[in-house]
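Have the picture open while you read.

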Amino acid sequence: MDAQYHETMMRQALDLAAVADREGDMGVGALIVRDGRIVGRGRNRIHTGDPLVHAETDAIADACRALGTDDLSGSTLYTTMEPCPMCAGALLNVKVGHWVLGGRFKAVGRSFGRYSVETFAEFVGADIAFTTGILQDDCQALRNRYFARK
């Protein structure tokens, strides 16, 4: 997959992030793609009262429903922000092997200590392919609108 394809998919994830932003949530969106087809869409829905509904877990649930399985091997995640440790664990559990990221925690001044998706993969011994920096500035700007409102 080339950079243009990644940008096309990330723009669709940004559209989902914009919906979350309009709903008053943190503007994060995610897609799960398999065989060139979007099989899962998600956005942060923490405002619904369920703190576990992050964009990535929402996209995972949508993809699992659409495919009728909890094995997402061969799928790619597109997310506007680096997955948090909870979401990284969920992605590992369903076997998503390629993660395409927009924004990064350290770049927006957020930290989980020394956590990054790369350190997570190393810690658990997972073989995950990462593509980073796709529309990074756009992704981070949308996410940061949430904190500017607070």
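Predicted model: local features only at pLDDT ≥ 70, side-chain atom pairs only at ≥ 80, totals over all residues.

Start with two helices. How do we describe such a pair? Two packed helices are described by the angle between their axes and the distance between the axes. Here, helix α2 (residues 55-67) and helix α3 (residues 85-93) have axes that come within 9 Å and cross at roughly 25 degrees. The two helices, α2 and α3, are therefore roughly parallel to each other, and their crossing is left-handed. On the α2 side, Glu56, Thr57 and Ile60 make the contact, while α3 brings Met86, Cys87, Ala90 and Leu91. Sort the residues of this contact by type and you get 5 nonpolar, 1 polar and 1 charged.

Now for two single residues, side by side:

| Residue | Element | Relative accessible area |
|---|---|---|
| Arg43 | strand β2 (residues 37-43) | 14% |
| Ala121 | helix α4 (residues 117-124) | 6% |

Is Arg43 buried or exposed? At 14%, Arg43 counts as buried, because buried means under 20% relative accessible area. Its side chain is joined to that of Glu23 by a polar contact of 2.9 Å. Leaving out residues up to four places away in sequence, Arg43 touches Glu23 along with others, including Leu16, Val19, His54 and Asp58.

Ala121 is buried too, at 6%. With residues up to four places away in sequence set aside, Ala121 touches Ala126, Ile128 and Phe130. Ala88 sits 33 residues apart from Ala121 along the chain, and their C-alpha atoms are separated by 8.7 Å.

Methods
Residues numbered from 1 in each chain as written. Heavy atoms only, no water. Axes fitted to C-alpha atoms, helices over the stretch in contact; angles between N-to-C directions. Helix = DSSP H or I, 4+ residues; strand = E, 2+ residues; numbered from the N terminus. Parallel < 35°, antiparallel > 145°, perpendicular 65-115°, else oblique. Left-handed = near helix turned anticlockwise from the far one by under 90°. Contact = heavy atoms within 4.5 Å. Nonpolar A, V, L, I, M, F, W, Y, C, P; charged D, E, K, R; others polar. Buried < 20%, exposed > 50% of the residue type's maximum accessible area, 1.4 Å probe, protein only. Polar contact = N/O pair within 3.5 Å; in protein donor to acceptor, adjacent residues only side chain to side chain.
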